[in-house]
Amino acid sequence: MSRQRNHRIAVLVLEGAKPLDVGIPAQVFTNRRSMPYEVRVCGAAPGLVTGGDGLSYHVADGLEALEWADTVFVPGYRHPDTEEAPAAVVEALRAAHARGAQLAAISTGAFALAATGLLDGMRATTHWHYSHALARKHPLVRVDENVLFVDEGSVLTSAGAASGIDLCLHLVRRDHGVGLSNHVARRLVAAPYRSGGQAQYVPRSVPEPLGELFAATRQWALGRLEEPLTLADLARHANVSPRTFSRRFVEDTGYTPMQWILRARVDLARELLERSELGVEQIADLVGLGTAANLRLHFHRILGTSPSEYRHTFAPAHTGAATTPGTTPAPPTPAVQFGSIGTTVP
């Protein structure tokens, strides 16, 4: 990029575009004297683009803006798992990348980037609700559902809308250093830095969506997480052999039975961290992980953060969950309805 001109950002608005996703790069890389960027918002063609959430966008530029841009942002849009990005858009993205532009997606915009083939063999992320759909639709993409954003050099992806801010600040920091990035963060009243490797805070760690196979056994197991559950225990409850149970469970959920149990235990630990003042050792015992060290190990492995940091972020300052010394409250009922884990809030 020439030092004599600003870095050019094109924000490509597709049908069903989500308003917040569109606004984030336009706002972060705003056309103002303090910013070494120039922004254009475009569509597949100039004119009216129907967005999501009852809003529409009138864009002055079409795909020719991608020929002008140094970076192309693709905001998230509705129904990416069932509707294909227009062929002209896919070709324009490929051409922009071949010409040297970097491509960045916010949330479900990753589906449009994946359609170009440029994410094949690379790590990528998207909103947690669509991560399994992205993996199914584009099996060559190494989908990582547990991060805020992924920087693969010339192609970048981010999770939900808020992580789009993290991705934009990351690019400002990469292009122009911490000083300008912090200046932008202050203007947005946003956290100046969240690592891309930090886990998305999804409602559940267990996979979503789930099929109905073994739903009763999953429900049974959730009520006994503090017990030393084994594959044989689960298979016995489902009235099938351990080998059959394991094979069909993976087919139905995408996880082995014991991986699923571990994630369910971490989920219950999250609820206890948010809703009680129990210590980490007590929580580890209540959720069946035994020791605080074991809980910390699996918590960090699955969520990319520690129990104490998670509690600091999510537990209310006046939790109201103080317990009488010497007593242990019953753990909260996990906020889950099987077949649709991740959709129910207590």
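## Starting at a helix

Is R275 buried, partly exposed or exposed? In this predicted model, R275 has a relative accessible area of 42%, so it ends up partly exposed. Its partner in a salt bridge is E271, with the closest N and O atoms 3.2 Å apart. E271 is a buried residue, because its relative accessible area is 7%, under the 20% cut-off.

Both residues belong to helix α11, which covers residues 257–275. They sit four residues apart, about one turn of the helix.

## Salt bridges between loops and strands

Side chains of opposite charge can pair when their charged atoms come close. Searching the whole structure turns up 10 salt bridges, and one of them joins the side chains of D53 and R78 at 2.4 Å, N to O. D53 comes from the loop between β3 (47–50) and β4 (56–59), while R78 comes from the loop between β5 and α3, so this pair ties together parts that are 25 residues apart in sequence. D53 is exposed at 55% relative accessibility, and R78 is partly exposed at 31%.

Another salt bridge has R123 and D144 as its ends, and here the closest N and O atoms are 2.9 Å apart. This one also links distant parts of the chain: R123 is in strand β7 (residues 123–124), and D144 is in the loop between β8 (142–143) and β9 (149–151), 21 residues away. As for R123, a relative accessible area of 30% makes it partly exposed.

## Strand β5 and its neighbours

F73 shows up in both: V11 stands opposite F73 in β5, and A104 is the bridge partner of F73 in β6. To get from β5 to β6 the chain passes through α3, and this β-α-β crossover is right-handed.

Which way do the side chains of β5 point? T71 and F73 go one way, V72 and V74 go the other way, and all of them are buried.

How many residues make up the largest nonpolar core? There are 33, and those with the most contacts inside this core are L12, L66, V72, L93 and L113. Two or more residues come from each of β1 (7–13), α2 (64–68), β5 (71–74), α3 (87–98), β6 (102–105), α4 (109–115) and α5 (131–137).

S131 is part of helix α5. With a relative accessible area of 3%, this serine is buried. Setting aside residues within four places in sequence, S131 is in contact with T126, V143 and E145.

What about the cysteines? C42 is buried, with 0% relative accessibility, and C168 is buried at 0% too.

Methods
Residues are numbered from 1 along each chain as its sequence is written. This is a predicted model: local features need pLDDT of at least 70, side-chain atom pairs count only at pLDDT 80 or more; totals for chains, interfaces and linings use all residues. Side-chain values use heavy atoms; hydrogens and water are left out. A nonpolar core is a set of buried Ala, Val, Leu, Ile, Met, Phe, Trp, Tyr and Cys residues joined through side-chain atoms within 4.5 Å. Buried means under 20% relative accessible area, exposed over 50%, partly exposed in between (1.4 Å probe, protein chains only). Contact means heavy atoms within 4.5 Å. Two strands pair if DSSP finds at least two bridges between them. A crossover is right-handed if, with the strands pointing away from the viewer, the path from the first strand over the helix to the second runs clockwise. A salt bridge is a side-chain nitrogen of Lys or Arg within 4 Å of a carboxyl oxygen of Asp or Glu.
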